[in-house]
Amino acid sequence: MVEGSILELEKIIIETIDDVFIDLPTRNFAEFMIILARRKTGENKIRVLFEEYDSDGSGSVQKEEIKKWLDQHGKPVSKAQAGKISDAMDVSGDDRISYEEFLTMIAARLLVLNLQ
Ligand SMILES: [Ca+2]
């Protein structure tokens with residue numbers, strides 16, 4: 001995906017993220033991300049959230065970073081669960097989540113929630 005379409009996807013997400021209804025509590029990872037992103041302030045909530053996961057600043061998120069983040073934020077998961085979450089987002093199969101893959105997951109969930 002070229003940089004322009006990533007920005008386009010970001011824009012669509014930011015425009016719709018506050019409008020969808022989510023049943024609480026949710027066990028859906030994408031919905032949990034939407035809830036967390038809503039609480040962020042500033043222009044780009046989604047990137048701020050992604051950068052929290054990317055604790056080593058590499059530009060992509062690995063399953064160990066997902067586990068570490070969830071453990072630190074009161075949603076502890078096993079290594080296997082973190083692996084499942086990561087595999088679900090990892091469209092390209094390179095074992096790391098790019099920002100584009102992260103956006104794609106959130107956009108897909110927003111679309112489903114919008115259609116309900
Ligand atoms: Ca990383």
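Helices (H or I, at least four residues) and strands (E, at least two) are DSSP runs, numbered from the N terminus. This is a predicted model, where local features need pLDDT of at least 70, side-chain atom pairs count only at pLDDT 80 or more, and totals for chains, interfaces and linings use all residues. Residues are numbered from 1 along each chain as its sequence is written.

View 1. Starting at the N terminus, the elements go α-α-α-β-α-α-β-α. The radius of gyration (taken over C-alpha atoms) is 13 Å, close to the 13 Å that the globule rule gives for 116 residues, so the chain is as compact as a globular protein of that length. That rule is 2.2 Å times the number of residues to the power 0.38. The C-alpha trace covers about 35 × 35 × 25 Å along its principal axes. Buried residues make up 27% of the 116; a residue is buried if 20 or more other C-beta atoms lie within 10 Å of its own, exposed if 12 or fewer, and partly exposed in between, with C-beta atoms placed from the backbone. Two residues are in contact if their C-beta atoms, placed from the backbone, lie within 7 Å. Of the contacts between residues at least 6 apart in sequence, 49% join residues at least 24 apart.

**View 2. Aspartate 95, in the loop between helix H5 (79-89) and strand E2 (97-98).** Aspartate 95 isn't a glycine, yet its phi is positive, at about 70 degrees. Aspartate 95 is exposed, with 12 other C-beta atoms within 10 Å.

**View 3. A cis peptide bond from leucine 24 to proline 25.** Omega is near -5 degrees here. Proline 25 sits in the loop between helix H1 (3-16) and helix H2 (29-39).

**View 4. Helix H3 (residues 45-53) and its buried face.** Lys45, Ile46, Leu49 and Phe50 are the buried residues of H3. Looking down the axis of H3, they fall within an arc of 130 degrees, so they line one face of the helix; the arc is that of the directions from the helix axis to the C-beta atoms. Among the elements covering them are H1, H2 and helix H6 (99-115). Leave out residues up to four places away in sequence, and isoleucine 46 touches Glu10, Ile13, Ile14, Ala37, Leu103 and Ile106.

**View 5. The largest nonpolar core, 21 residues in all.** Such a core is a set of buried Ala, Val, Leu, Ile, Met, Phe, Trp, Tyr and Cys residues joined through C-beta atoms within 7 Å. Met33, Ile34, Ile46, Phe102 and Ile106 have the most contacts inside this one. In soluble globular proteins, nonpolar side chains tend to be buried together.

**View 6. Helix H6 and what covers it.** H6 has 17 residues and reaches 25 Å from its first C-alpha to its last, close to the 24 Å expected at 1.5 Å a residue (the expected span is 1.5 Å times one less than the number of residues). Its buried residues are Glu101, Phe102, Leu103, Met105, Ile106, Arg109 and Leu110. The cover over these includes H1, H2, H3, H5 and E2.

**View 7. Histidine 73, in the loop between helix H4 (63-72) and H5.** With 11 C-beta neighbours inside 10 Å, histidine 73 counts as exposed. Histidine 73 and lysine 40 are 33 residues apart in sequence, and their C-alpha atoms are 15 Å apart in space.
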